[in-house]
Amino acid sequence: MQHPQVEAFAGQEGLIRVVGHRGARGLMPENTLEGFGFTLACGVRLLEFDVVMTRDNVPVITHNHRLTGSIVRDREGAWLRGAEPKVSDLDWADLSQLDVGGLDGSSAYGQRFPDQAFLSGVGIPRLRDLCRLVAQPEYEDVHLMLEIKSDPDKMKDAQVRAGIVAAVVAELRKMGLTERTLMHSFDWNLLAECSAQAPEMPTSYLTQLPENADDIGEDSATNASPELTVDNPPDLICAAGGALWCPYYLDVTAQAVARAQTLGLRVAVWTVNEVAEIDRMIALGVDAIITDFPGRVQHRLLAHGLGWAG
Ligand code: MG
């Protein structure tokens, strides 16, 4: 099956794509409509974001399975302290009361993003809210890299998996966005379920080698994949029917990128924020760079005589 949205993530002669990671996490609160709006205003048309399910089966856009004290405030502005409840144990009505517009600068996570704007009165969006935004006519060229976060406690449960995929697919179909969306995950079983339920949406396989450290202050990737090496993901992903390979930037080698592209996969690397690493990815000829700092990547592409849209 041909997937027109894969072309939106494909590099071309003179062109490497820029994907806004959780919007533009380096500068704006992550996974918020404000952050997505900012990213779109920067001329970046590809948005990466994370989806988790609430207890009442509403797909919401947030990264961690548990509410995180470094990000979450109540309506009065008090930081969440003590127990960090699971999103899947809360209803949308509970979540809609929370403010995720700023990071606690005293937390380890907050210290990673000192340039992020501090906003108040910013809620966790539902998938539906982002769909409504990008369904507007001025955003018809916007494409979505929709990451489904598998609940580590439930990822062996095929029925749970099918339910999550069904809820996400229903939202996208209702808004007419399936042809502008890639399904993206570390959970290869979940991606297989996506392909079964919604073959019109291509799949994007995230990988991270175990030897490369996790990022401070956030949930680590919950992998469900074959055993990975530096070299084997392209062949495994091709065999699984994937359209994109999304390796962690520290794992990437020139040989593996070349192998993936030979197999017809597109390569989108994450999360590339430092100038030297951005330059290294440009030299490797990846298709797309997923970044917390879209403007920084734009400037490096321009310095190399490259563009990001077209
Ligand atoms: Mg993600």
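Visitor: Where is arginine 22 found?
Guide: This is a predicted model. In it, arginine 22 sits in the loop between strand 1 (17-21) and helix 2 (33-41).

Visitor: Is that residue, arginine 22, buried or exposed?
Guide: Arginine 22 is buried, because its relative accessibility is 3% and buried means under 20%.

Visitor: What is the phi of arginine 22?
Guide: The phi of arginine 22 is near 55°, which is a positive value in a residue other than glycine.

Visitor: And asparagine 57, what is its phi?
Guide: Asparagine 57 is not a glycine, yet it has a positive phi of about 70°. Asparagine 57 belongs to the loop between strand 2 and strand 3. With 46% relative accessibility, it counts as partly exposed.

Visitor: Let us turn to pockets. How much space lies in the largest pocket?
Guide: The largest pocket holds about 240 Å³ of space.

Visitor: Which residues lie nearest its centre?
Guide: The lining of the largest pocket consists of 16 residues, and those nearest the centre are Met53, Ser88, Lys154, Val160 and Ile164. Strand 2 (46-53) and helix 6 (158-174) each contribute at least two residues to this lining.

Visitor: How many of the lining residues are nonpolar, polar and charged?
Guide: The lining of the largest pocket comprises 7 nonpolar, 5 polar and 4 charged residues.

Visitor: Where is the place of serine 88?
Guide: Serine 88 lies in the loop between strand 3 (59-61) and helix 3 (92-95). Serine 88 has a relative accessible area of 18% and is therefore buried.

Visitor: What is serine 88 in contact with, leaving aside its neighbours within four places in sequence?
Guide: With those neighbours left aside, serine 88 is in contact with Met53, Thr54, Arg55, Asp151 and Lys154.

Visitor: How far apart in space are serine 88 and cysteine 194?
Guide: From C-alpha to C-alpha, serine 88 and cysteine 194 are 20 Å apart, and in sequence 106 residues separate them.

Visitor: Now the cavities. How many are there of 30 Å³ or more?
Guide: The count is 5 cavities of 30 Å³ or more.

Visitor: Which residues are closest to the centre of the second largest cavity?
Guide: The second largest cavity is lined by 21 residues, and Glu30, Thr62, His63, Ile71 and Val100 are the closest to its centre. Its lining divides into 9 nonpolar, 8 polar and 4 charged residues. The space within the second largest cavity is about 180 Å³.

Visitor: On to the helices. Which residues of helix 8 are buried?
Guide: Helix 8 spans residues 233-240, and its buried residues are Pro233, Pro234 and Ile237. Seen down the axis of helix 8, the buried residues fall within an arc of 95°, so they line one face of the helix.

Visitor: What covers them?
Guide: The cover over the buried residues of helix 8 includes helix 7 (188-197), strand 6 (203-207), strand 7 (244-247) and helix 9 (254-262).

Visitor: What comes just after helix 8?
Guide: Just after helix 8 comes glycine 241, with a positive phi of about 90°.

Visitor: And helix 10, which residues are buried there?
Guide: In helix 10, the buried residues are Glu277, Ile278, Met281 and Ile282. Viewed down the axis of helix 10, they fall within an arc of 145°, so they line one face of the helix. Ala276 and Ala283, on the other side of helix 10, are exposed.

Visitor: Why would residues in a helix point the same way?
Guide: An α-helix has 3.6 residues a turn, so residues three or four places apart point the same way.

Visitor: What do the buried residues of helix 10 pack against?
Guide: They pack against strand 8, strand 9 (288-291) and helix 11 (294-303). Glycine 285 follows helix 10 and has a positive phi, near 75°.

Visitor: Last topic: how many aromatic pairs does the structure hold?
Guide: The structure holds 7 aromatic pairs. In one of them, the ring centres of tyrosine 248 and tryptophan 270 are 4.7 Å apart and the planes are at 45°, so the pair is tilted.

Visitor: Where do tyrosine 248 and tryptophan 270 lie?
Guide: Tyrosine 248 is in the loop between strand 7 and helix 9, and tryptophan 270 is in the loop between strand 8 (266-269) and helix 10 (275-284), so the pair ties together parts 22 residues apart in sequence. Tyrosine 248 counts as buried at 5% relative accessibility, and tryptophan 270 counts as buried at 9%.

Visitor: Which residues do ring pairs link into a cluster?
Guide: The cluster consists of Phe186, Tyr248, Tyr249 and Trp270, linked by ring pairs.

How values were computed: Residues are numbered from 1 along each chain as its sequence is written. This is a predicted model: local features need pLDDT of at least 70, side-chain atom pairs count only at pLDDT 80 or more; totals for chains, interfaces and linings use all residues. Side-chain values use heavy atoms; hydrogens and water are left out. Buried means under 20% relative accessible area, exposed over 50%, partly exposed in between (1.4 Å probe, protein chains only). Helices (H or I, at least four residues) and strands (E, at least two) are DSSP runs, numbered from the N terminus. The arc is that of the directions from the helix axis to the C-beta atoms. Contact means heavy atoms within 4.5 Å. On a 1 Å grid over the protein atoms alone, a cavity is a set of points where a 1.4 Å probe fits but cannot get out, and a pocket is an open set with protein on both sides within 12 Å along at least five of seven lines; lining residues have an atom within 4 Å of a point. Grid points are joined across faces, edges and corners, and a volume is the space filled by probe spheres set on the points. Ala, Val, Leu, Ile, Met, Phe, Trp, Tyr, Cys and Pro count as nonpolar, Asp, Glu, Lys and Arg as charged, and the others, Gly among them, as polar. Rings of Phe, Tyr and Trp (its six-membered ring) pair if their centres lie within 6.5 Å; planes under 30 degrees apart count as stacked, over 60 as edge-to-face and the rest as tilted.
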